[in-house]
Amino acid sequence: LVGAESRAAALASSLEGGLNDIRARAAALPRRPRVFFEEWDDPLISGIRWVDELVEIAGGQCLFPELRAGRLARERIVPAERVAALDPEVIIASWCGKGVKKRTIVERPGWDRVSAVRHGHVYEIRSTYILQPGPAALTEGVKRVHECIARAAGQA
């Protein structure tokens, strides 16, 4: 439409190559840790579809794959007790529009028994890198997700 077909194809190829690189690094991990992606803190909201897909590409197992189809945040609300019961090994938080307060996460009732909290695998990824669909999520965002997962899997 704008005469940039070859540039668009090159960008798409580059993004695909980057995702394939992350997939290859994820395949080398000794295991796929359970990951809770926290999009909001109150109410507690799990990640949207593309975030769950990036977590899987990066080497993790999503805690709530059945919720990923929920386009609206209210369709992905989860009770904190349910998250804790599933014992995520990695918690990645990205609260759209505000900074993550790690203390809010680790001090939730009963979360002192959650593997991610006990082993220090609670991370923040800025929402500009992961919650906006587009090139940032497919480059810097997925790279940061993989780094968090690799630490928990014992590879970093």
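**Strands, cores and a cavity**

Tutor: Look at β4 in this model. Phe36 stands opposite Ile91 there. Keep in mind that the model is predicted.

Student: What makes β1 and β4 a pair?

Tutor: Pairing takes at least two bridges between two strands. β1, residues 34–41, and β4 have four bridges, in the parallel sense. Four meets the cut-off of at least two, so they pair.

Student: What joins β1 to β2, and which way do they run?

Tutor: Three bridges join β1 to β2, residues 44–46, and the two run antiparallel. Asp41 has Leu44 as its bridge partner in β2. The two strands form a hairpin, with two residues between them.

Student: How many bridges link β1 and β3?

Tutor: Two, in the parallel sense. The rule asks for at least two, so β1 and β3, residues 61–62, pair. Val35 has Cys62 as its bridge partner in β3.

Student: Why is β1 called largely enclosed?

Tutor: Count its buried residues. Six of the eight residues of β1 are buried, so the rest of the structure largely encloses this strand.

Student: Which way do the residues of β4 point?

Tutor: Val90 and Ile92 point one way, Ile91 and Ala93 the other. All are buried.

Student: Is Arg113 buried or exposed, and how do you know?

Tutor: Compare its value with the cut-off. Arg113 has a relative accessible area of 58%. Exposed means over 50%, so Arg113 is exposed. This residue lies in the loop between α4 (102–106) and α5 (115–118). Arg113 touches Asp87 and Arg118, not counting residues up to four places away in sequence.

Student: How far apart are the C-alpha atoms of Arg113 and Ile92?

Tutor: They are separated by 17 Å. Along the chain, the two are 21 residues apart.

Student: What makes Ile92 stand out in the largest nonpolar core?

Tutor: Its contacts. Of the 26 residues in that core, Ile92, Ile130 and Val145 touch the most other members. The elements giving two or more residues are α1 (5–27), β1, α2 (49–57), β4 and α7 (135–152). Among them, α7 gives the most, with seven residues. Apart from this core lies another, of 17 residues, including Leu67, Val78, Ala93 and Ile105. In soluble globular proteins, nonpolar side chains tend to be buried together.

Student: Which residues does Ile92 touch?

Tutor: Leave out residues up to four places away in sequence. Then Ile92 touches Val35, Phe36, Phe37, Glu38, Tyr123, Ile125, Val145 and Cys148.

Student: How many cavities of 30 Å³ or more are there?

Tutor: The count comes to one. The largest cavity has a volume of about 60 Å³. Its lining includes Val35, Phe36, Phe37, Asp52 and Val55. β1 and α2 are the elements that give two or more residues to this lining. The largest share, three residues, comes from β1.

Student: What kinds of residue make up the lining of the largest cavity?

Tutor: They divide into seven nonpolar, two polar and one charged. Asp52 is in the lining. Asp counts as charged, and Gly as polar.

Definitions and conventions. Residues numbered from 1 in each chain as written. Predicted model: local features only at pLDDT ≥ 70, side-chain atom pairs only at ≥ 80, totals over all residues. Heavy atoms only, no water. Buried < 20%, exposed > 50% of the residue type's maximum accessible area, 1.4 Å probe, protein only. Core = buried A, V, L, I, M, F, W, Y, C linked by side-chain atoms within 4.5 Å. Contact = heavy atoms within 4.5 Å. 1 Å grid on protein atoms, 1.4 Å probe; cavity = no way out; pocket = protein on both sides within 12 Å on 5 of 7 lines; lining within 4 Å. Points joined across faces, edges and corners; volume = space filled by probe spheres on them.
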